[in-house]
Amino acid sequence: DPELDALLLETILITGARREGLINLTVGYLDPDERVLWLDEKFGKMTPQPVPDWFFDKVTAFAASRGATSLGDKVFRKRAADGQTTEITGRRFDYLFTTRLQSSYAWADKEKVGAHTVRHHAITLIERSAGQAVSRMFARHSADDVTATYTQASQMEVAKAVVGLYGGDHPWLHREPRVK
């Protein structure tokens, strides 16, 4: 299912999502007014992650094409041979990174490239383009030292950085976020 695998990788790059956040993503966690994916990643904490308008539309269209229409339906679904779809589990990431990527590329096997590696790459891209405070907010990390508590970024800055890297638009570039 190359379409699913490509979208999983792209979603990690654009959102910095953990695999748990992608597995838990439902249609009800797609907010069309705010253009955010609500990520449920660690300890049940829900976090709005801004994405470019074009990418939000792509994720929404993918979910619909896989039969995810109810609020509780999982967005990321794999196709079965009979045309039916089923929600992904952690095994999909094992297949994607171990079976497909690491077995195809010696460098990926040597470096043990996985979802976490791609997440770190995404965070680094944001850090290089928008600074450490924005990358910390993008990664949904808490301040880890005194200086970091004084240099907190806003959700609007994350939206600006993501759109700056990937193109498109986002409502937060034109108005205050309506989510906390």
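**View A. Strand 2 is covered on both faces, with V36, W38 and D40 buried on one side and L37 and L39 buried on the other.** Buried here means under 20% relative accessible area, while exposed means over 50% and partly exposed lies in between, for a 1.4 Å probe and protein chains only. The strand is mostly covered, since 5 of its 5 residues are buried. In a regular strand, the side chains alternate between the two faces of the sheet. This is a predicted model, in which local features need pLDDT of at least 70 and side-chain atom pairs count only at pLDDT 80 or more, whereas totals for chains, interfaces and linings use all residues. Residues are numbered from 1 along each chain as its sequence is written, and side-chain values use heavy atoms, with hydrogens and water left out.

View B. Two strands are said to pair if DSSP finds at least two bridges between them, and strands of a sheet pair through backbone hydrogen bonds, either parallel or antiparallel. Strand 1 meets strand 2 (residues 36-40) over 2 antiparallel bridges, where D31 has V36 as its bridge partner and L30 stands opposite L37. Strand 2 and strand 3 are likewise antiparallel and are joined over 5 bridges; within this pairing, L37 has Q49 of strand 3 as its bridge partner. The hairpin of strand 1 and strand 2 has 4 residues between the strands, and in this hairpin R35 takes a positive phi near 55°. The hairpin of strand 2 and strand 3 has 5 residues between the strands, and there F43 takes a positive phi near 60°.

**View C. The chain contains 2 aromatic pairs.** The rings of W54 and F55 are edge-to-face, because their centres are 5.7 Å apart and their planes stand at 80°; rings of Phe, Tyr and Trp (its six-membered ring) pair if their centres lie within 6.5 Å, with planes under 30 degrees apart counted as stacked, over 60 as edge-to-face and the rest as tilted. W54 counts as partly exposed, at 31% relative accessibility, while F55 counts as buried, at 0%. The other pair, F62 with F76, is tilted, with 6.1 Å from centre to centre and 40° between the planes. This pair links distant parts of the chain, since F62 belongs to helix 3 (residues 53-65) and F76 to the loop between helix 3 and strand 4 (77-79), 14 residues apart. F62 is buried, at 4% relative accessibility, and F76 is buried too, with a relative accessible area of 1%.

**View D. The largest pocket holds about 520 Å³ of space and is lined by 24 residues.** A pocket is an open set of points on a 1 Å grid over the protein atoms alone, where a 1.4 Å probe fits, with protein on both sides within 12 Å along at least five of seven lines, and lining residues have an atom within 4 Å of a point. The volume is the space filled by probe spheres set on the points, which are joined across faces, edges and corners. The residues nearest the centre of this pocket are K45, T47, M137, R140 and H141. Strand 3, helix 7 and helix 9 (155-166) each supply at least two residues of the lining, and strand 3 gives the most, with 5 residues.

**View E. The second largest pocket has a volume of about 180 Å³.** Of the 12 residues that line this pocket, I123, Q132, S135, R136 and H141 are the closest to its centre. Helix 6 (115-130) and helix 7 each supply at least two residues of its lining. Between these two helices, in a loop, lies G131, which counts as partly exposed at 25% relative accessibility. The C-alpha atoms of G131 and A161, which are 30 residues apart along the chain, are separated by 9.4 Å.

**View F. Helix 7 (residues 132-139) has V134, S135, R136, F138 and A139 as its buried residues.** The helix is followed by R140, whose phi is positive, near 65°. Of the 180 residues in the chain, 45% are buried, and along its principal axes the C-alpha trace spans about 55 × 40 × 30 Å.
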